[in-house]
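Here is a short briefing to read alongside the structure. Have the viewer open and follow the points topic by topic.

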Amino acid sequence: MSKLIKSQKEIEAMRESGRIAALILKQLTEAAKPGVTTLELDALAEELIHQHGVKHAFKDYDGFPGVLCTSVNDIIVHGVPNDTALKDGDIVGLDFGVILDGWYSDTAVTVGVGEISHEARRLMQVTKKALRLGIKKAKPGSTTGDIGNTIERYVESEGYSIVRDLVGHGVGKKLHEEPQVPNWGKRHTGTVLEVGMVIAIEPMVIDGPSNAIKLDSDKFSYKSADGSLTAHFEHTVAITEQGPKILTQV
């Protein structure tokens with residue numbers, strides 16, 4: 001059996017990894033309030049990892065210093081936790097995963113801190129819906145291009161830009177496996193999805209006309225090049241005969 005194809009038993013093991021990640025992420029979401037630092041959120045994540053008896057998926061991955069990615073406002077992904085306090089009106093992307101019995105999970109949400117603007121709320125709603133639409137395409141016989149095309153067309157129809165330089169990916173015994181899952185593309189192109197594949201679908205959206213990004217000075221965080229607000233949502237999804245099954249939910 002190809003490494004890309006997981007058995008039903010293996011998918012169930014990944015579902016448990018995903019369930020625990022989702023439980024922890026829910027608690028982190030509730031803790032993201034004005035005055036809290038992203039370093040405090042990271043410490044809470046580490047404490048919850050120990051409580052659930054799982055391992056962290058992100059810390060030390062390519063040298064990343066935290067167990068949680070905390071991406072504030074114009075940071076798209078891979079934001080490094082630090083001692084800057086969240087402010088009323090910020091939005092913060094929380095990207096998180098765990099390892100259970102060798103199986104990875106990967107999931108993300110963008111959270112409003114205190115009272116946020118209408119513009120920020122709409123950006124988050126569109127990005128979340130883009131993920132939902134992308135997941136609907138994750139069926140046997142569809143392609144990664146079908147997923148990307150659906151996400152791209154919807155996001156751009158709402159007046160936003162989709163990030164092209166960063167992509168979703170396969171998940172399994174490694175955090176990042178094949179295939180790549182871009183959030184843009186042409187229908188009927190890319191990798192054909194088969195029963196047993198598990199992929200992370202993760203739209204990354206910029207509130208502006210440009211999809212240009214840049215690497216921050218910390219060498220981990222990717223930001224919108226023009227400082228525009230950004231949002232990111234992600235689920236780990238199994239391809240099954242019955243259609244897509246979200247593994248990273250409570």
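In this predicted model, five strands make up an open sheet, running in the order β10-β9-β11-β16-β17 with antiparallel pairing. The edge positions belong to β10 (177-181) and β17 (243-246), each of which has a single partner strand, so one side of each has no neighbour in the sheet. On average, neighbouring strands of this sheet are turned by 30° against each other, direction ignored.

**Inside the sheet**
- Strands β11 (residues 198-201) and β16 (residues 235-240) run antiparallel and are joined by four bridges.

- Helix α3 spans residues 118-136, and its axis comes within 9 Å of that of α4, with a crossing at roughly 150°.
- Because angles over 145 degrees count as roughly antiparallel, α3 is roughly antiparallel to α4.
- The crossing of the two helices is right-handed.
- On the α3 side, the contact is made by V126, K129, A130, L133 and G134.
- On the α4 side, I147, T150, I151, Y154 and V155 make the contact.

**A closer look at T150**
- T150 sits in helix α4, which covers residues 144-157.
- Is T150 buried or exposed? With a relative accessible area of 11%, T150 is buried, because the cut-off for that label is under 20%.
- The T150 side chain reaches the backbone oxygen of D146 at 2.9 Å.
- Leaving aside residues up to four places away in sequence, T150 touches L133 and K137.
- L133 is also one of the α3 residues in the helix contact.

Definitions and conventions: Residues are numbered from 1 along each chain as its sequence is written. This is a predicted model: local features need pLDDT of at least 70, side-chain atom pairs count only at pLDDT 80 or more; totals for chains, interfaces and linings use all residues. Side-chain values use heavy atoms; hydrogens and water are left out. Buried means under 20% relative accessible area, exposed over 50%, partly exposed in between (1.4 Å probe, protein chains only). A polar contact is a pair of N or O atoms within 3.5 Å; within protein, one must be able to donate a hydrogen and the other to accept it, and residues adjacent in sequence count only if both atoms are side-chain atoms. Contact means heavy atoms within 4.5 Å. Two strands pair if DSSP finds at least two bridges between them. Axes are lines fitted to C-alpha atoms, for helices over the stretch in contact, and angles run from 0 to 180 degrees between N-to-C directions. Angles under 35 degrees count as roughly parallel, over 145 as roughly antiparallel, 65 to 115 as roughly perpendicular and the rest as oblique. A crossing is left-handed if the near helix is turned anticlockwise from the far one by less than a right angle, and right-handed if clockwise.
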